[in-house]
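I opened my notebook and worked through one model. Here are my entries, in the order I made them.

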Amino acid sequence: METTARYVIVGFFTLACALAGFVFVYWLKNSGGSGQALYWIRFEQPVIGVRPGVSVLFNGLRVGEVRQVNLSAADPKEVRTLVAVDPATPVRADTTITVDTQGLMGSAVVSMIGGSPAAEIRREANVTPVLSASKDAGQTLTQAAKATLKKIDDLVGDNSESLHSAIDNINTFSAALARNSNRVDDILAGLAKLSGGGETKPQRTFDLAAPALTPGAPIEAQVAIPDLSTLLSFETQRLLVSPHSGERKQIEGGQWGDTLPKLVQAKIMQSLEAAGFAHVAKGMDGFDAQYQLILDIRAFEVSLDPQPEAKVQLNAKLEKGGKIVATQDFAGSAPAKSADAPDAAAALNAAFAKAATDLAGWMRKKV
């Protein structure tokens with residue numbers, strides 16, 4: 001009898017643990033796992049560039065990210081996107097939802113704008129609210145450019161005679177300038193002397209060095225790195241300095257060899273190859289990778305408050321099978337001798353090396 005009783009107790013305990021596990025998974029799925037508010041967004045047009053890990057903005061501020069992107073089996077025109085946002089975000093039933101881009105040619109983002117204070121969303125237990133995006137939410141930059149070019153073509157066609165006349169006048173003026181080119185050079189030289197202008201100092205070009213890593217055992221997994229997303233202020237070749245918190249200025253006398261996002265993308269690829277990854281490439285059509293490493297530049301500047309210090313911060317998201325399986329921030333810092341271009345470039349290289357080394361080690365553990 002005692003043996004039977006022990007078996008019954010063990011059986012009940014095992015059943016209770018299994019039931020608790022199912023309840024926890026159910027809670028995790030429906031609550032987002034981190035106290036975030038979940039919404040389904042229904043799009044009725046293509047949403048090019050929207051994928052898991054893409055940022056969600058509310059009135060221009062980042063409040064969350066895309067979790068899932070699904071096609072509707074009932075309606076071929078419909079795309080459903082699951083987003084997780086900060087529960088304090090004032091999302092309303094009439095909030096305008098569009099697909100935007102960061103910068104002119106940046107990565108896609110889901111943008112939420114405004115809404116009526118009275119149009120609150122009533123949440124039901126175990127039901128994720130569904131929001132409808134604007135009808136033109138999926139209009140791509142290419143489609144907008146085509147519409148604009150069509151208008152320009154119509155405008156040129158309606159004013160062809162006036163344009164021919166203007167071109168003839170330009171040719172006449174150009175011929176007059178050619179006949180008096182020597183005088184024009186003298187006039188420009190005189191204006192330069194009067195304004196105190198002179199020859200500008202050439203900009204020195206600096207390269208970002210990938211860290212020297214000791215390769216481990218070769219990893220055959222294929223990894224793609226799409227174009228990096230970042231603030232518009234980092235979409236530049238110029239070195240940046242931050243005199244005070246929230247303020248950035250360009251450093252004169254030096255620049256990177258390419259725009260910062262492209263340079264960081266190339267050097268992270270080199271870092272992963274040095275760490276033992278055999279197949280690393282940029283994200284592109286036709287390259288079917290097992291993993292996607294989505295990177296965002298959060299900081300890449302020399303801070304002057306209180307002492308000159310280079311600061312680099314990268315956010316990494318590892319995507320597999322259309323889902324984000326891991327995310328991590330990587331930061332590096334290094335003292336700078338001064339805010340001059342050579343010292344700033346050297347300090348930023350040192351800070352980037354620390355962040356890139358940690359990122360490569362993290363990738364070896366996760367892949």
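**Confidence.** I began with the pLDDT, the predictor's confidence in each residue, from 0 to 100. The protein chain averages a pLDDT of 82, and 83% of the residues score at least 70. Confidence is lowest in helix 1 (residues 2-31), with a mean of 62. It is highest in strand 16 (residues 323-335), at 93. I noted a caution: where pLDDT is low, the predicted coordinates should not be read in detail.

**Ground rules.** This is a predicted model, in which local features need pLDDT of at least 70 and side-chain atom pairs count only at pLDDT 80 or more, while totals for chains, interfaces and linings use all residues. Residues are numbered from 1 along each chain as its sequence is written, and side-chain values use heavy atoms, with hydrogens and water left out. Helices (H or I, at least four residues) and strands (E, at least two) are DSSP runs, numbered from the N terminus.

Which order do the strands of the open sheet take? I read 5-6-2-3-4-1-7, seven strands with mixed pairing. Strand 5 (96-101) and strand 7 (130-132) are the edge strands, and each pairs on one side only. From one strand to the next, the twist averages 35 degrees. Its angles run from 0 to 180 degrees between N-to-C directions, and the axes are lines fitted to C-alpha atoms, for helices over the stretch in contact. Two strands pair if DSSP finds at least two bridges between them.

I checked some pairs next. Strand 2 (residues 55-58) runs parallel to strand 6 (residues 108-113), over three bridges. Leu57 has Ser111 of strand 6 as its bridge partner. Strand 4 (residues 79-85) pairs with strand 1 (residues 37-43) in the antiparallel sense, over seven bridges. Val66 has Val83 of strand 4 as its bridge partner.

Is strand 4 mostly covered or mostly open? Strand 4 is mostly covered, as six of its seven residues are buried. Buried means under 20% relative accessible area, exposed over 50%, and partly exposed in between (1.4 Å probe, protein chains only).

**Salt bridges.** A salt bridge is a side-chain nitrogen of Lys or Arg within 4 Å of a carboxyl oxygen of Asp or Glu. Side chains of opposite charge can pair when their charged atoms come close. How many salt bridges does a search of the whole structure find? It finds nine.

I looked up Glu65 and Lys317. Their closest N and O atoms are 3.8 Å apart. Glu65 lies in strand 3 and Lys317 in strand 15 (residues 309-320), so the pair ties together parts that are 252 residues apart in sequence. Both Glu65 and Lys317 are buried. They belong to a network of salt bridges that links Arg62, Glu65, Arg67 and Lys317.

I then took Arg80 and Glu78, which meet at 2.8 Å, N to O. Arg80 is partly exposed, with a relative accessible area of 29%. Glu78 counts as buried, at 11%.

My next pair was Glu252 and Arg238, at 3.1 Å, N to O. Glu252 lies in strand 12 (residues 249-256) and Arg238 in strand 11 (residues 238-242), so the pair ties together parts that are 14 residues apart in sequence. Glu252 is exposed, with a relative accessible area of 59%. Arg238 is buried, at 18%.

**Loops.** Asn59 is in the loop between strand 2 and strand 3. Its phi is near 55 degrees, a positive value in a residue other than glycine. Pro306 is in the loop between strand 14 (291-303) and strand 15. A cis peptide bond joins Asp305 and Pro306, with omega about 5 degrees. Gly216 is in the loop between strand 8 (204-206) and strand 9 (219-225). Gly216 counts as partly exposed, at 36% relative accessibility. Gly216 and Phe277 are 61 residues apart in sequence, and their C-alpha atoms are 8.9 Å apart in space.
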